[in-house]
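User: Hello! I am new to protein models and would like to learn how to read one. Could you walk me through it?

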Amino acid sequence: MLSVIGISSSGRRIYGRISHMTIKPGDALLLMGNEDSVSRFMSDYGLLPLGAKGARIFNVRKGMAALVALIAATVLSLIGFNTALSFMLATVALIISGAANYRRIYQYIEWPILVFMVGYLSLGYAIESSGLSSLIFNLIRGNPVALFLLTSLLANFINNMAAAAIMGPVALSFRNPLEALTIVAMASSSTFLTPYSHPANLLVYNIGSYKVKDYLIAGSIMLAVVMIVSLIIIKAA
């Protein structure tokens with residue numbers, strides 16, 4: 001049995017029943033129920049605990065089973081076994097052991113992300129084969145700073161996976177492709193400039209009563225620090 005007995009929504013007035021509300025990132029719920037129901041509810045809806053009394057957030061047996069399965073799948077893939085098949089066997093083992101519920105597996109698969117990744121892998125190939133990557137390379141003239149800034153801007157205002165897919169072929173055109181790809185990886189992960197650049201930014205957006213300009217100011221500083229440190233380390237490696 002689980003009940004939602006209260007909700008805080010960053011000063012927003014709430015009218016009507018809680019069951020008719022749309023929960024937004026940053027909202028806080030006050031739950032009452034047994035530990036299994038609370039833990040299951042938090043897991044199903046991707047909630048984070050702000051405070052708990054007796055709620056079991058981590059199941060030791062299932063956690064250890066998942067860790068063993070992950071290690072086994074990784075070892076199999078490292079010794080030459082097919083990677084996809086290795087992790088599929090690990091998943092099957094978790095289902096058989098009862099550590100994973102096969103009825104809920106599909107809830108944890110981010111289908112939009114899978115479709116997005118496949119689409120942008122195709123986009124990356126199209127960019128490379130069309131010659132657009134060469135055009136972008138000529139614009140930035142092999143400059144690692146320009147590569148970092150352009151990739152990070154794409155990551156912050158479009159999507160980090162899109163940025164990696166677009167700029168990956170460009171990085172391969174550099175004199176040192178491995179170094180350039182590392183720059184692209186770091187830049188596409190530097191999503192600090194807007195609340196919508198990364199789910200973690202949205203998580204604290206409402207609850208912290210932040211504004212877009214707060215992200216732009218603090219994010220610009222963080223971006224500059226990450227760029228400088230990354231380029232120094234990459235060049236020194």
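User: What is the average pLDDT of the protein?

Analyst: pLDDT is the predictor's confidence in each residue, from 0 to 100. Here the protein averages 79, and 83% of the residues score at least 70. Among the elements, helix H4 (residues 111-130) has the lowest mean pLDDT, 67, while H10 has the highest, 91. Where pLDDT is low, the predicted coordinates should not be read in detail.

User: How many helices and strands does the protein have?

Analyst: Helices (H or I, at least four residues) and strands (E, at least two) are DSSP runs, numbered from the N terminus. This protein has 10 helices and 2 strands. Reading from the N terminus, the order is β-β-α-α-α-α-α-α-α-α-α-α.

User: How do I read burial, and what share of the residues is buried?

Analyst: Buried means under 20% relative accessible area, exposed means over 50%, and partly exposed lies in between (1.4 Å probe, protein chains only). Of the 237 residues in the protein, 27% are buried.

User: Which residues touch the most other members of the largest nonpolar core?

Analyst: A nonpolar core is a set of buried Ala, Val, Leu, Ile, Met, Phe, Trp, Tyr and Cys residues joined through side-chain atoms within 4.5 Å. The largest one here has 22 residues, and Leu147, Phe148, Met167, Val170, Phe174 and Ile183 touch the most other members. At least two residues of this core come from each of helix H5 (132-140), helix H6 (144-157), helix H7 (160-172), helix H8 (177-188) and helix H10 (212-236). There is also a second, separate core of 5 residues, including Ala69 and Leu94.

User: What about loops: is Thr191 buried or exposed?

Analyst: Thr191 sits in the loop between H8 and helix H9 (199-205). Thr191 counts as buried because its relative accessibility is 4%. Beyond residues up to four places away in sequence, Thr191 touches Ala155, Asn156, Asn160, Ser197, His198 and Asn201.

User: And is Leu48 buried or exposed?

Analyst: Leu48 lies in the loop between H1 and helix H2 (60-78). With a relative accessible area of 57%, Leu48 is exposed. Setting aside neighbours within four places in sequence, Leu48 is in contact with Met42 and Leu203. Leu48 and Leu203 are 155 residues apart along the chain, yet their C-alpha atoms are separated by 9.6 Å.

User: Which residues are buried in H1?

Analyst: In helix H1 (residues 35-45), Ser37, Val38, Ser39, Phe41 and Met42 are buried. Strand E1 (2-8) and strand E2 (28-33) are included in what covers them.

Notes. Residues numbered from 1 in each chain as written. Predicted model: local features only at pLDDT ≥ 70, side-chain atom pairs only at ≥ 80, totals over all residues. Heavy atoms only, no water. Contact = heavy atoms within 4.5 Å.
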